[in-house]
Every structure is written in C-alpha cells, then in structure tokens.
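Welcome, and please take a look at the structure below. A short tour of some of its features follows.

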Amino acid sequence: MTTRPDAPFGARLRAAMSARGPLCPGIDPHASLLAAWGLPDTADGCERFAMTAVEALAPVVSSIKPQSAFFERHGSRGVAVLEKVIAASRESGCLVILDVKRGDIGTTAQAYADAYLDPTSPLASDAITASPYLGFGSLAPMIETAARHNAGVFALALTSNPEAPRFQHARTADGSTIAGEVLAGLRAANEGAESLGSFGAVVGATIGSTEENLDINGPLLVPGIGAQGGTADDVRRIFGAAVRNVVPTSTREILGAGPSVQALREAAARANDEFAALL
Ligand SMILES: O=C(O)c1cc(=O)[nH]c(=O)n1[C@@H]1O[C@H](COP(=O)(O)O)[C@@H](O)[C@H]1O
C-alpha cells in the first residue's frame with residue numbers, strides 16, 4: 001500500500017473495533033509453535049505459519065499484531081515474509097499494529113518512523129509499538145510522522161513482564177512515575193482528537209491494579225492475556241470505564257489452536273466475544 005489512509009488511526013481503529021470486535025491477535029512465529037504446527041524453523045516455515053494465521057484471522061478481526069523479531073530471526077527472507085503479512089492483512093480490511101518496540105535519539109527515531117509509518121515504505125503499517133525509555137520526548141518524530149500519515153504509535157507504559165514495576169513505577173524528578181509521565185505524554189498527544197486518539201499506551205493485563213490515570217483519550221493495547229495468565233476479569237477490574245478503549249491482544253493462546261484455519265478462527269472468535277462482552 002502506498003497511499004495514506006484517509007482518516008486518523010484512532011478513528012479507523014474505533015470503527016474497526018465497532019465492526020469486528022476489539023481483539024487484536026498477535027502473530028509471533030515462535031520456534032515452538034512452528035514445531036507444534038509440524039513446520040520447520042526456517043523462513044519457509046515462518047511464511048506458512050504466518051500466512052495461515054493471516055488467512056484465518058485478518059478477514060475477521062479489527063487488528064493484528066505481528067512481532068517483528070520472530071520474522072527478523074530468519075534474516076532478509078523473514079523480513080520479506082513480514083512485508084507479505086502486513087500487505088495481506090491490510091488487504092483483508094484489518095489494521096496492522098507492528099510490534100517493533102523501537103526507541104532511539106531523535107534522528108534515528110525519525111528513520112524508524114520512516115521505515116514503519118510512511119505509507120511508501122515496504123513495511124508501512126497502521127501503527128507501531130515504541131519504547132519511551134530514552135524519554136517520552138524522544139518519540140516525537142514517530143508521533144509527528146504518524147500524525148502526518150494517519151498512523152498510530154503505542155508507547156510502553158505498564159508492561160506485562162514481572163521486571164516492569166520496579167522500573168516503570170520509579171519516580172521522575174517532578175514526582176510522577178515513569179509510567180505516569182508516558183501516559184501524560186500520550187494524553188497531551190491525543191488532546192482534541194474525536195472518537196479516539198491515535199496515540200496509545202501498552203498496559204498489561206497482568207499488572208494487578210494501578211493508580212495511574214488510564215484516561216488518555218487513546219487506545220490501550222493490553223497484552224498478557226492467556227499464556228501470561230491475564231483474563232477478561234482482570235481487564236474489567238484494571239481498566240474500569242476505560243475498558244471501551246481497550247484493545248486486548250493475545251498471541252500464543254490463539255495461535256496454539258492452529259494450524260487449522262477454522263480452529264484458529266474459532267479461538268479468535270471466542271476471545272473476541274469474551275472481550276466484546278465487557279463493553
Ligand atoms: O507490546 C506488546 O505487544 C507486549 C507488551 C507487553 O507488555 N507484554 C507482551 O507480552 N507484549 C507482546 O505480546 C506478545 C506475547 O503475547 P502472548 O503470547 O499472548 O503472551 C509478544 O509479542 C510480546 O512481545
């Protein structure tokens with residue numbers, strides 16, 4: 001796709017979630033999942049795995065989240081598979097949130113933005129995940145590029161891994177937590193956006209609870225569901241009124257239902273229905 005989408009990412013995501021439900025399945029071609037599907041751990045195996053998942057899921061879900069590292073581990077052939085995954089998913093009417101968790105100084109952040117958010121790039125996606133740990137301001141080139149091209153950015157705020165709280169709950173010089181500073185930056189970036197802003201936070205379903213203000217007028221990408229132990233009940237409890245902005249993402253639990261296209265679709269439909277019922 002080389003043309004700029006005709007509406008901001010947040011508005012497109014809101015419309016897609018209303019039409020198809022909130023679930024965002026991940027596409028992570030793990031070596032162990034390839035083995036479970038009877039596929040070799042090669043670029044060819046990665047392609048068969050990922051394109052089966054796209055065939056099953058992209059026509060029925062609002063968004064998908066391929067994790068770049070699982071493609072990069074197969075070198076240039078794996079990256080070519082990722083390009084196919086992105087293009088085929090978007091052709092099926094599904095938004096692509098490319099999980100790359102990039103973050104760097106301004107000039108390099110701009111190169112990442114050009115690689116993933118400029119519609120003329122071979123890896124152009126609807127949104128990316130980004131790491132704000134060089135300072136929230138270091139994401140400015142990604143946020144500005146996304147705004148220009150009607151794309152989105154999801155910044156890590158309260159991640160699902162056990163090491164996260166010690167770091168993300170630490171306080172900055174002005175007394176807010178690191179996570180709070182990320183959420184405040186996103187809230188400012190989404191100011192005035194109608195329907196839903198284009199700048200989202202990643203908040204794990206495994207965090208137990210939080211006192212942070214999750215009202216950022218933007219989407220909340222919520223991993224940690226299924227394989228990491230998070231449930232729909234956790235999501236209801238953690239997010240409260242913000243649940244309508246939650247994009248629940250689940251990967252291994254859904255992909256484990258493959259390689260049958262029908263079984264994958266059923267697993268996604270079950271999760272989608274469970275989260276749609278929270279709204
Ligand atoms: O940004 C993410 O998607 C992400 C953030 C986070 O806090 N935790 C997390 O597990 N993820 C991603 O979610 C996927 C794991 O999902 P499961 O297989 O469902 O556990 C991987 O692609 C992770 O990189």
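Asn 150 sits in the loop that links helix 7 to strand 5; helices (H or I, at least four residues) and strands (E, at least two) are DSSP runs, numbered from the N terminus. The phi angle of Asn 150 is near 60°, a positive value in a residue other than glycine.

This is a predicted model, in which local features need pLDDT of at least 70, side-chain atom pairs count only at pLDDT 80 or more, and totals for chains, interfaces and linings use all residues. Residues are numbered from 1 along each chain as its sequence is written.

Axes here are lines fitted to C-alpha atoms, for helices over the stretch in contact, and angles run from 0 to 180 degrees between N-to-C directions.

How are the strands arranged? They form a closed barrel of eight, in the order 1-2-3-4-5-6-7-8, with parallel pairing. From one strand to the next, the twist averages 30°. Two strands pair if DSSP finds at least two bridges between them. Strand 6 and strand 7, for example, run parallel and are joined by two bridges, with Ala 201 standing opposite Leu 220 in strand 7.

Here are some of the strands with their residues:

| Strand | Residues |
|---|---|
| Strand 6 | 199–203 |
| Strand 7 | 220–222 |
| Strand 8 | 246–250 |

Now for the ligand. Of the 20 residues around the ligand, Thr 159, Ser 160, Pro 223, Thr 251 and Arg 252 come nearest; a residue counts as near if its C-beta atom, placed from the backbone, lies within 6 Å. Strand 8 and helix 11 (252–255) are the elements that give two or more residues to this shell.

The peptide bond from Gly 258 to Pro 259 is cis, with omega near 10°.

Elsewhere, helix 3 (residues 43–57) and helix 5 (residues 75–91) pack at an angle of about 10°, with axes 9 Å apart. Helix 3 is therefore roughly parallel to helix 5, a term for angles under 35 degrees.

Finally, UniProt, in an unreviewed entry, places the feature "domain: Orotidine 5'-phosphate decarboxylase" at residues 22–267; such annotations may be inferred rather than shown by experiment. Over residues 22–267, the chain is 41% helix and 16% strand.

Technical notes: Parallel < 35°, antiparallel > 145°, perpendicular 65-115°, else oblique.
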